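Subject: Handing over the structure, with notes

Dear colleague,

I am passing this structure on to you, and below it you will find my notes on what turned up when I went through it. Please keep the structure open beside the text as you read.

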Amino acid sequence: MIWLTWRQFRVQALVGLAALVLLAVYLVVLGTQIHGSYDDTLARCAGGGGCTGQLASVADEYGGQVDLLSYLLLAVPGLIGVFWGAPLVARELEAGTHRLVWNQSVTRGRWLAVKIGFVGLLSVAVAGVYSLALTWAAGPVNTILNNRFEPALFGSRNLVPLGYAAFAFALGMTFGLFIRHTVPAMGATLVVFAVLQVVMPSVVRPHYQTPVKTTVPLTAPLISGLTKIGTYGEIGGLRVPGGPWVVKTTEILDASGKAVGHSDWYQDCTNNKSLTEMPECLAKGNIHVDISEQPADRYWTFQLLETLIFTVLAAGLSALSFWRIRGRLN
């Protein structure tokens with residue numbers, strides 16, 4: 001059965017593996033350049049009193065390539081589901097070749113188990129190698145930007161791509177088994193996976209753990225925009241190692257916790273003061289914002305939780321496929 005599965009799947013597998021090898025070579029070359037530039041920059045500015053500007057230049061130089069590779073890795077599990085998962089069973093059901101196997105000594109369950117085991121594990125391995133290479137290659141850029149909770153970054157690094165690949169493959173295979181036509185199964189797989197890629201970071205991921213609430217005083221530099229409350233990596237103008245995630249920010253509040261937008265003193269500062277005087281005037285009002293954040297030390301917990309969610313979904317879809325194939329399916 002394994003040899004038969006390989007013969008049926010070898011064209012898709014060889015194309016995918018060839019693409020992976022080319023990407024891996026490119027990532028090794030790019031990663032060597034990034035690490036070398038990062039180390040050289042640290043060595044040059046170590047005694048110069050600050051490396052922020054020079055390191056930012058390194059991030060600017062390689063950031064575009066890293067972003068492109070990150071989005072590509074987000075798409076890889078979906079492509080696996082569309083081109084490996086969906087046709088795997090649907091193509092045999094369309095052509096009727098499954099009847100030849102089922103009329104031999106091979107049971108339906110074993111037939112499906114071999115396909116899931118062989119192609120499913122290969123799918124996870126492909127995503128894992130790509131993730132490992134990209135995580136290493138882009139490491140210095142991510143350290144500089146301090147934004148590892150950023151959606152494209154979170155979903156294309158470390159463990160999460162493995163869960164995505166397992167789920168996308170199982171999703172495609174299940175659609176192929178139920179729809180029984182390759183092209184519609186491929187389309188359904190693509191749509192569902194794309195929707196989940198939007199829903200997870202915006203709706204589900206922020207609630208893996210209850211956010212931590214804190215207050216950030218709005219000092220003159222913050223008000224004037226010299227520093228900022230960033231969504232990833234910065235809180236109150238301070239760079240937090242590891243990169244926390246600010247999931248919610250309130251409007252500007254006064255010392256009593258009321259919105260200051262229509263207060264007389266606030267209107268006086270914004271309407272009657274010059275641009276240089278306004279920040280200091282506003283800062284005297286003890287104004288602040290309340291934020292809800294996911295601390296930086298929760299990163300690996302979130303990685304494990306999201307990987308587990310998609311792994312469980314993949315297992316559920318596989319179980320559904322076994323149930324379906326043992327039913328009235330000819």
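Asn146 is found in the loop between H5 and H6, where helices (H or I, at least four residues) and strands (E, at least two) are DSSP runs numbered from the N terminus. Asn146 has a phi near 60°, a positive value in a residue other than glycine, and with a relative accessible area of 5% Asn146 is buried, a word that here means under 20% relative accessible area, while exposed means over 50% and partly exposed lies in between (1.4 Å probe, protein chains only). Most residues other than glycine have a negative phi. Another positive value belongs to Arg180, whose phi is near 70°; Arg180 sits in the loop between H7 and H8 and, at 24% relative accessibility, counts as partly exposed.

Before going further, please note that this is a predicted model, in which local features need pLDDT of at least 70 and side-chain atom pairs count only at pLDDT 80 or more, whereas totals for chains, interfaces and linings use all residues. Residues are numbered from 1 along each chain as its sequence is written, and side-chain values use heavy atoms, with hydrogens and water left out.

Next come the aromatic rings. The structure holds 10 aromatic pairs, where rings of Phe, Tyr and Trp (its six-membered ring) pair if their centres lie within 6.5 Å, and planes under 30 degrees apart count as stacked, over 60 as edge-to-face and the rest as tilted. In one of these pairs, the ring centres of Phe149 and Tyr299 are 5.8 Å apart and the planes stand at 75°, so the pair is edge-to-face. Because Phe149 lies in the loop between helix H5 (139-145) and helix H6 (151-154), while Tyr299 belongs to helix H12 (residues 299-325), this pair ties together parts that are 150 residues apart in sequence. Both Phe149 and Tyr299 are buried. The rings of Tyr164 and Phe310 also form an edge-to-face pair, because their centres are 4.9 Å apart and their planes are at 80°. This pair links distant parts of the chain, since Tyr164 is in helix H7 (residues 160-179) and Phe310 is in helix H12, 146 residues apart. Tyr164 is buried at a relative accessible area of 1%, and Phe310 is buried at 2%.

Which residues form one aromatic cluster? The members are Phe149, Phe154, Tyr208, Trp245, Tyr299, Trp300 and Phe302. A ring also takes part in a contact with a charge, as the charged end of Arg324 sits over the ring of Phe178, 5.4 Å from its centre; this requires NZ of Lys or CZ of Arg within 6 Å of the ring centre and within 35 degrees of the ring normal.

Trp245 leads on to the sheet, as the bridge partner of Trp245 in S5 is Gln294. The sheet is open, with 3 strands in the order S1-S5-S4 and antiparallel pairing, where two strands pair if DSSP finds at least two bridges between them. Strand S1 (212-217) and strand S4 (245-249) stand at the edges with a single partner strand each, so one side of each is left without a neighbour in the sheet. S1 is joined by 6 bridges to strand S5 (residues 288-294), and these two run antiparallel, with Val212 having Glu293 as its bridge partner in S5. Between S4 and S5, which also run antiparallel, there are 4 bridges. S5 is mostly covered, as 6 of its 7 residues are buried.

Finally, there is helix H8 (residues 182-204), whose 23 residues should span 33 Å at 1.5 Å a residue, which agrees with end C-alpha atoms 31 Å apart; the expected span is 1.5 Å times one less than the number of residues. H8 has a kink of about 25° at Val198, shortly before the proline Pro201, where the bend at a residue is the angle between axes fitted to the seven residues ending there and the seven starting there. Among the buried residues of H8 are Phe193, Met200 and Pro201.

With best wishes
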